[in-house]
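Please look over the sequence and the structure below before reading on. The report that follows goes from single residues to the chain as a whole.

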Amino acid sequence: MSKRLGIIGCGQLGLMLGSAASKLGLKVCFLNVNEESVVYGIGQMFYEAELETFLSHVDYVTVEREAIPEYILQRAASTKKLYPSFDALNTLRQRHSQKALFDRLNIPTAPWAYVEQQQALQQVVQDFPSTRIRAKSVLGGYDGGGQWSLSETKPGTEIPAAAFPLILEAEMVIDFEISVLMARAHDGSTQRYPLNHNVMRDGVLICSYVPANVDESMAQLATRYAEQLMDAIDYVGVLAMEFFVQDGKLFVNEIAPRVHNTGHWTIEGCRCDQFEQHVRAVTEMPLVDPQPVGAAAMCNILGDWFPKKLPNEPVRVYLHGYGKTLRPGRKMGHLTLIGSDLDGVVRAVSELGLD
């Protein structure tokens, strides 16, 4: 009998996970948690009120995003094989417990502080070791949302009470950002994808280039940090770890305990993409060598932007649309560019008009 995988979440990551699972011969179903679905046609969809029925239809459960109601994760963990585990998801999805884990493992990160209530904010800011501060919601708040830059002229009074608890981070002046994408299986074995160089704008990923132009020692250190964290919480599945690079040193920015936007290039750029690798890990199948096929770039299609001209050969271009309702700045899809060398891919991206 085919293994059955339940995916909590019906967005584009759920779509790609479901497609990968189907190709591996698994039966797939989804739990819609009050969201706009783009996964029709891949597997049966259940709604939040049908949680128990959803769980009765699956052998394994995974998530497409970490911001899932806690009771759903707890119920899935108590009745089925939830991977990553509830403890791993709960630790990594909350910024204060994530940062505390970095500190415990001696993994460098920017100075930070936890602010539980609005009335404590000004005292924490006053005692903070930096005057350049970014406040972030503890849960969620990605793509520049749920974040506030604090200064003497903007001391945080504009932050709504509903945003608390939050963390404060020292804003670092960095050289660039990289990320490492790792997969870990039940037996502790891992597979790593080539490191990404990420280009951001206003907290939103614009483009990722692969491989990142870093030396082997930095790549090994990023890998070691990721493996150290995954081993500490017995993580199972794919995980993305983002790093700031400053003066040749690595500082962890954030962790995504799931498949990630910076790994979309793997669909065409590797013989085993991040979605297949994640499905393999969470359904107790062996991991496989990703086998990259060349240099790559992944460019997000945000809002109604679309390039007026696509590059010519020898760079290959692949278009992915997510079937979402159009909104300004929303991730509507992505372009992946594959070439034989990074210089050629970078030149092709420059023709897209991302600026």
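## A residue in helix α9

Two residues are said to be in contact when they have heavy atoms within 4.5 Å of each other. Leaving aside neighbours within four places in sequence, Q277 is in contact with A183, Q191, Y193, V238, C272, L287, V288 and P290. Q277 has its place in helix α9, which covers residues 274-282, and Q277 is buried, with a relative accessible area of 0%. Here buried means under 20% relative accessible area, exposed means over 50%, and partly exposed lies in between, with a 1.4 Å probe and protein chains only.

## How to read the model

This is a predicted model, in which local features need pLDDT of at least 70 and side-chain atom pairs count only at pLDDT 80 or more, while totals for chains, interfaces and linings use all residues. Residues are numbered from 1 along each chain as its sequence is written, and side-chain values use heavy atoms, with hydrogens and water left out.

## Cysteines

A disulfide is a covalent bond between the sulfur atoms of two cysteines. When a disulfide is taken as a pair of cysteine sulfur atoms within 2.5 Å, a search of the whole structure finds zero disulfides. For C10, the nearest cysteine sulfur is that of C29, 9.9 Å away, and for C272 the nearest is that of C270, at 8.1 Å. C10 counts as buried at 0% relative accessibility, and C272 is buried as well, with a relative accessible area of 2%.

## Backbone details

Most residues other than glycine have a negative phi, and most peptide bonds are trans. A cis peptide bond, with omega about 0°, joins F164 and P165, and P165 is placed in the loop between β8 (147-150) and β9 (166-170). Another cis peptide bond joins V210 and P211, again with omega about 0°, where P211 lies in the loop between β13 (204-210) and α7 (216-232).

Positive phi values are found at N34, near 55°, and at D234, near 50°.

## The chain as a whole

The secondary structure comes to 10 helices and 18 strands, where helices (H or I, at least four residues) and strands (E, at least two) are DSSP runs numbered from the N terminus. Of the 355 residues of the chain, 55% count as buried. The C-alpha atoms fill a box of roughly 60 × 50 × 40 Å, taken along the principal axes.
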